[in-house]
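I am keeping these notes while I look through the model on my screen. I write down each thing that I looked up, one entry at a time.

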Amino acid sequence: MINRTVTEPLLSILVCSYNGGAKVRRLLQSVQSQAAPIGEILLLDDGSNPALLNLGGNVEILRHAKRRGYIAARNELARRSRNEFMFFFDDDVVLDNPLA
């Protein structure tokens, strides 16, 4: 019998935000409360004024100096993602149900 260690694939949580502020914090709290194996959380601040600052935890913040729109933001996040599965969220989403 072969003994194999099975690891769950890690998820990338990818968030686009423009002037998200408090909405982003609510989304991140709901994401971080999930039991799913989250490998990274990337947030792209698409030219917000004022820019989003440190959100704590394991959130990596990327920035566009000028607003480029959601398509450019999502494409940038997909390029930067390091995991097999990607979940894209807008900044006004709150998760009530589990991801996995």
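Predicted model: local features only at pLDDT ≥ 70, side-chain atom pairs only at ≥ 80, totals over all residues.

**Entry 1: a loop residue.** I began in the loop between S1 and H1, where Asn19 has its place. I looked up its backbone angle and found a positive phi of about 55°, although Asn19 is not a glycine. I then checked how open the residue is, and Asn19 turned out to be partly exposed, with a relative accessible area of 37%.

Entry 2: The mean pLDDT of the protein is 84, and 84% of its residues reach 70 or more. Confidence is lowest in helix H1 (residues 22-32), with a mean of 85, whereas it is highest in helix H2 (residues 70-80), at 95.

**Entry 3: the overall order.** I counted 2 helices and 4 strands in the protein, and read from the N terminus, the elements follow the order β-α-β-β-α-β. Of the 100 residues, 39% are buried. I also looked up how far apart in sequence the contacting residues are: among contacts between residues at least 6 apart, 65% join residues at least 24 apart.

**Entry 4: helix H1.** Which residues of H1 are buried? I listed Val24, Leu27, Leu28, Ser30 and Val31. Looking down the axis of H1, I found these buried residues within an arc of 165°, so they line one face of the helix. I wrote beside this that an α-helix has 3.6 residues a turn, so residues three or four places apart point the same way. The buried residues of H1 pack against S1, S2, S3 and S4.

**Entry 5: helix H2.** I repeated the search for H2, where the buried residues are Ala72, Ala73, Glu76 and Leu77. Down the axis of H2 they fall within an arc of 135°, so here too the buried residues line one face of the helix. The face of H2 that is turned away from this buried side carries Ile71 and Arg79, which are exposed. I looked up what covers the buried residues of H2, and the cover includes strand S1 (11-17), strand S2 (38-46), strand S3 (59-64) and strand S4 (85-90).

**Entry 6: the nonpolar cores.** How many residues make up the largest nonpolar core? I found 11 residues in all, namely Ile13, Val15, Val24, Leu27, Leu28, Val31, Ile41, Leu43, Val59, Phe89 and Leu95. S1, H1 and S2 each supply at least two residues of this core, and the largest share, 4 residues, comes from H1. Apart from this core lies another, of 7 residues, which has Leu44, Leu62, Ala73 and Leu77 among them.

**Entry 7: Phe88.** I turned to Phe88, which has its place in strand S4. Is Phe88 buried, partly exposed or exposed? With a relative accessible area of 31%, Phe88 is partly exposed. Leaving out residues up to four places away in sequence, I found that Phe88 touches Leu14, Arg74, Leu77 and Ala78. Phe88 and Leu43 are 45 residues apart in sequence, while their C-alpha atoms are 9.9 Å apart in space.

**Entry 8: rings.** Last, I searched for aromatic pairs and found 0 in the structure. I did find a charge over a ring, however, for the charged end of Arg67 sits over the ring of Tyr18, 3.8 Å from its centre.

Notes
Residues numbered from 1 in each chain as written. Heavy atoms only, no water. pLDDT = per-residue confidence, 0-100. Buried < 20%, exposed > 50% of the residue type's maximum accessible area, 1.4 Å probe, protein only. Arc of directions from axis to C-beta. Contact = heavy atoms within 4.5 Å. Phe/Tyr/Trp six-rings, centres within 6.5 Å; stacked < 30°, edge-to-face > 60°. Lys NZ or Arg CZ within 6 Å of the ring centre and 35° of its normal. Core = buried A, V, L, I, M, F, W, Y, C linked by side-chain atoms within 4.5 Å.
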